[in-house]
Amino acid sequence: MADGEPGDLGVYYFRFLPQKTFPSLSAQETTSRLRQWSMLGRIQVQAFGFDQNFQAHRKDDFIMAFFKDPNVIPNLKLLSDSSGQWITLGTEVKKIEAINVPCTQTSMSFFNRLYSEDIVRDSGHIVKCLDTFCDPFLISDELRKVLLMEDSEKYEVFTQLEREEFLFCLFKHLCLGGVLCQYEDVVNPYLETTKLIYKDLISVRKIPQTQKIQITSFVFKVTAYDSAGMCYPSSKSHEQTFSYFIVDPLRRHVHVLYHCYGVGEMS
């Protein structure tokens, strides 16, 4: 069977959990920042429960069953390409792609190198540079250079594997924002918001023998296709249009983090 094609869809059943809240996204300071970054009203998290043990090697079956489930179909939200309004999928998913996203980082010290490599000053101010474009993004500081420009001298401050980490992806998405993003002059708002959302989405446990924190969640970057082509998270591909499925195998919850690139709410 080809990857992402339906298998035995009777294995997993899902239920929508509208009562599950995510304070990191609804906090007043976060909404103010998301408004400035042109992401407000275009990013959200939804929670769903499931009834069977999650098996990571069967992620494609799990996610295909998710899109076929009668409790998911009327509740999973996405933004309409034409109207810009929140809608449900309204089409039959024929194929999915689920990319494993490493999720091992348990400390924001992961980003300390931004200071030691003079991308950010000790004061927290982001070091400016001459304006250049990395389509469609305007790059006017060293932070965006290290996020986007592979030929920049400091790009290798983060290895390719580190760039694939969910913590890094989340930070990068917030830094790049939406169409009318007003960039920050200091790095703290990006770091603080990344930490809040990350902690809200992932699950951890303490290993008794070592007292170390271990992440128990699995993260997948998900794309779905109908008979006409890509239909989720959008019919239009963009680096800032994404859907991450964060699966908690112990609680049997899946958190769906969704964003569609565009012009966010301004008021």
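Over the ring of which residue does the charged end of Arg 144 sit? View C gives the partner. This is a predicted model, in which local features need pLDDT of at least 70, side-chain atom pairs count only at pLDDT 80 or more, and totals for chains, interfaces and linings use all residues. Residues are numbered from 1 along each chain as its sequence is written, and side-chain values use heavy atoms, with hydrogens and water left out.

**View A. Phe 50 and Phe 62 form an edge-to-face pair.** Phe 50 belongs to strand E2 (residues 43-50) and Phe 62 to helix H3 (residues 59-68), 12 residues apart. Helices (H or I, at least four residues) and strands (E, at least two) are DSSP runs, numbered from the N terminus. Phe 50 is buried at 2% relative accessibility. Phe 62 is buried at 0%. Buried means under 20% relative accessible area, exposed over 50%, partly exposed in between (1.4 Å probe, protein chains only).

**View B. Phe 54 and Phe 220 form a tilted pair.** Centre to centre, the rings are 6.0 Å apart, with 55° between the planes. Phe 54 lies in the loop between E2 and H3, and Phe 220 in strand E10 (residues 218-226), so the pair ties together parts 166 residues apart in sequence. Both Phe 54 and Phe 220 are buried.

**View C. Charges sit over tyrosine rings.** The charged end of Arg 144 is over the ring of Tyr 183, 3.7 Å from its centre. Lys 95 lies over the face of Tyr 225, at 4.8 Å from the ring centre. The criterion is NZ of Lys or CZ of Arg within 6 Å of the ring centre and within 35 degrees of the ring normal.

Definitions and conventions:
Rings of Phe, Tyr and Trp (its six-membered ring) pair if their centres lie within 6.5 Å; planes under 30 degrees apart count as stacked, over 60 as edge-to-face and the rest as tilted.
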